[in-house]
Amino acid sequence: MRALGYSLALAVTLATTASAADLVHTIDVLVDSSPLSARSSIGIEVVDLKSGKPVYTRNENRYFLPASNMKLLTTGMALMKLGADYRFQTRVILESSGDLLLVGSGDPSMSGRVYPYRHGIPNEAPLHAIEELAEQAVASGLTRVRGDIAGDDRLYPWAPYPPSWTQDDAMGENGAPVSALTVTDNLITVTFTPGAKPGDLAKLSLSPALEYFAIDNRILTVAGTREAQIGLTRIPGGRQLLFEGTIPDGGASHHATVALDDPALYAACALYDALTRRGVIIDGHPVARHRGSDDPYVAPEGTLLATRYSPPAVQLIQMADKVSENLHAELLLRETGRVEHKYGTREAGLGALESFIRQIGGLPADARIDDGSGLSRNTLVTPRLVTRLLTYMYGTSQRDTWVSMLPIGGVDGTLAGRLCCASETHAIHAKTGTLNRAIALSGYAESKARGWLAFSILVNDFGASEGEIREWIDKIASALIE
């Protein structure tokens, strides 16, 4: 019996060793035989989650830009530190001064997004949360505001952009400003449709339908069916938008996404509008209340008229990972910093993240982190740190919840149109990432031969199209499920 047991154990060991050797050979061939290998930097680590040991490594301790794979660290920390059931609370308070405050809590969900995430579900009205708060306030007896409508984002000091984000980032949806009072993802959409005939100005509409920016529309309708050629000129931080270009009379509508300059002020304008439509008389104006990084936080006092609770944190984290939502990640970073260090700043969040990296078995030298979303070009991590995170999270009581937050190959999120051959068994659960010189994919693969694997594939400084790099990465990831 002893001899039989030894023989079986030896057979299993040999099979496992052979399987690992086959995987190493397969990935080596996929990497080394590709012409992309000579025109890019690639780091890979694959870990067998049964043994906790790496089964494939390549440049696993080198720094790489993770792009949105950075969200794995941020959302993993938020899940473990805030908890799955944590909720944000946004309030409407009437001060004794007569001002009406819309008090932000860092809630990223006050938009048209539907929670929990479901692929293909259309959004709700973008300002429905503001409408709900206005309805509550009126139901509480509000008929007149003798002061201003103030958007109050003082829970977090006003520092809307990490220092390494670019001006171009701040213009559009990727780099929307970070504020404790966030609505509509801190974005608006300007839609242009052709005029009645060539030579006419294009028609313009806004979503939400709230006048906030001063828009100079110089888009001319031209004959034809080619694509619209539209450019935006805007002074950073300003509220004047100049759109110039052409739109063909036989073409489709054109949508331009514009980041807000001051989300708290925009939220105040939205509440002002919602209340006046309900017959509330307002003597003052919409204003914003910010605080500097050195100013102490003083919680507002007054009569509570309305309250809105966010969906549970698990649903906010799922949205951040499934659709790669930068603002969700940045707000989760700051809120974790506030809960852990009593200060809702990027720096406090990064301090909490450094402690979390130690908790998962990493070292400070494994990363240089500048933000929570991965938009920063200064954020660097090693593939080994990413697989340490994935291995750690897989071993916690939150395993199933955590894995369910990630996009599924060929099914949903940012992987809905990728890794389609893995969709039958839902074999790939992974976070995507894209920047100008960085493309990444990290997560889990359910291997037919080896069980569950954690993997991180980071590619930087490539001399090829993004599509070619994604196809290359997907081939490597697909090899893991065999």
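Colleague: Within what distance do the axes of α3 and α5 come, and at roughly what angle do they cross?

Modeller: General idea first: two packed helices are described by the angle between their axes and the distance between the axes. An axis is a line fitted to C-alpha atoms, for helices over the stretch in contact, and the angle runs from 0 to 180 degrees between N-to-C directions. Helices here are DSSP runs of H or I with at least four residues, strands are runs of E with at least two, and both are numbered from the N terminus. In this structure, the axes of α3 and α5 come within 9 Å and cross at roughly 50°. That makes the pair oblique; under 35 degrees would count as roughly parallel, over 145 as roughly antiparallel, 65 to 115 as roughly perpendicular, and the rest is oblique.

Colleague: Before we go on, what sort of model is this?

Modeller: It's a predicted model, with residues numbered from 1 along each chain as its sequence is written. Local features need pLDDT of at least 70, side-chain atom pairs count only at pLDDT 80 or more, totals for chains, interfaces and linings use all residues, and side-chain values use heavy atoms, leaving out hydrogens and water.

Colleague: Back to that helix pair. Which hand does the crossing of α3 and α5 have, left or right?

Modeller: A crossing is left-handed if the near helix is turned anticlockwise from the far one by less than a right angle, and right-handed if clockwise. The α3 and α5 crossing is right-handed. On the α3 side the contact (heavy atoms within 4.5 Å) uses Ile-130, Glu-131, Ala-134, Ala-137 and Val-138, and α5 brings Ala-267, Ala-270, Leu-271, Ala-274 and Leu-275. An α-helix has 3.6 residues a turn, so residues three or four places apart point the same way.

Colleague: Which residues of α3 are buried?

Modeller: Buried means under 20% relative accessible area, exposed means over 50%, and partly exposed is in between, using a 1.4 Å probe and protein chains only. For α3, the buried set is His-128, Ala-129, Ile-130, Leu-133, Ala-134 and Ala-137. Their cover includes α5 (263-276), along with strands β3 (89-94), β4 (100-103) and β15 (303-309). After α3 comes Gly-141, with a positive phi near 105°.

Colleague: How do I read other helix pairs? At roughly what angle do α6 and α7 cross?

Modeller: The axes of α6 (313-322) and α7 (326-341) come within 8 Å and cross at roughly 135°, which makes them oblique. This crossing is left-handed. Leu-316, Ile-317, Met-319 and Ala-320 of α6 meet His-328, Ala-329 and Leu-332 of α7. Now look at α8 (346-359) and α9: their axes come within 10 Å and cross at roughly 75°, so they're roughly perpendicular to each other. Phe-356, Ile-357 and Gln-359 of α8 make that contact with Leu-385, Leu-389, Tyr-392 and Met-393 of α9. Leu-385, Leu-389 and Met-393 are among the buried residues of α9.

Colleague: And single residues? Is Ser-376 buried or exposed?

Modeller: Find its place, then its accessibility, then its partners. Ser-376 sits in the loop between β16 (367-368) and β17 (380-381), and it counts as buried because its relative accessibility is 0%. A polar contact is a pair of N or O atoms within 3.5 Å; within protein, one must be able to donate a hydrogen and the other to accept it, and residues adjacent in sequence count only if both atoms are side-chain atoms. The Ser-376 side chain makes one with the side chain of Asp-370, at 3.3 Å.

Colleague: With which side chain does Thr-191 make a polar contact?

Modeller: With that of His-255, at 2.9 Å. Thr-191 lies in strand β7 (187-193) and, at 14% relative accessibility, counts as buried. Not counting residues up to four places away in sequence, Thr-191 also touches residues including Lys-203, Leu-204 and Ser-253.
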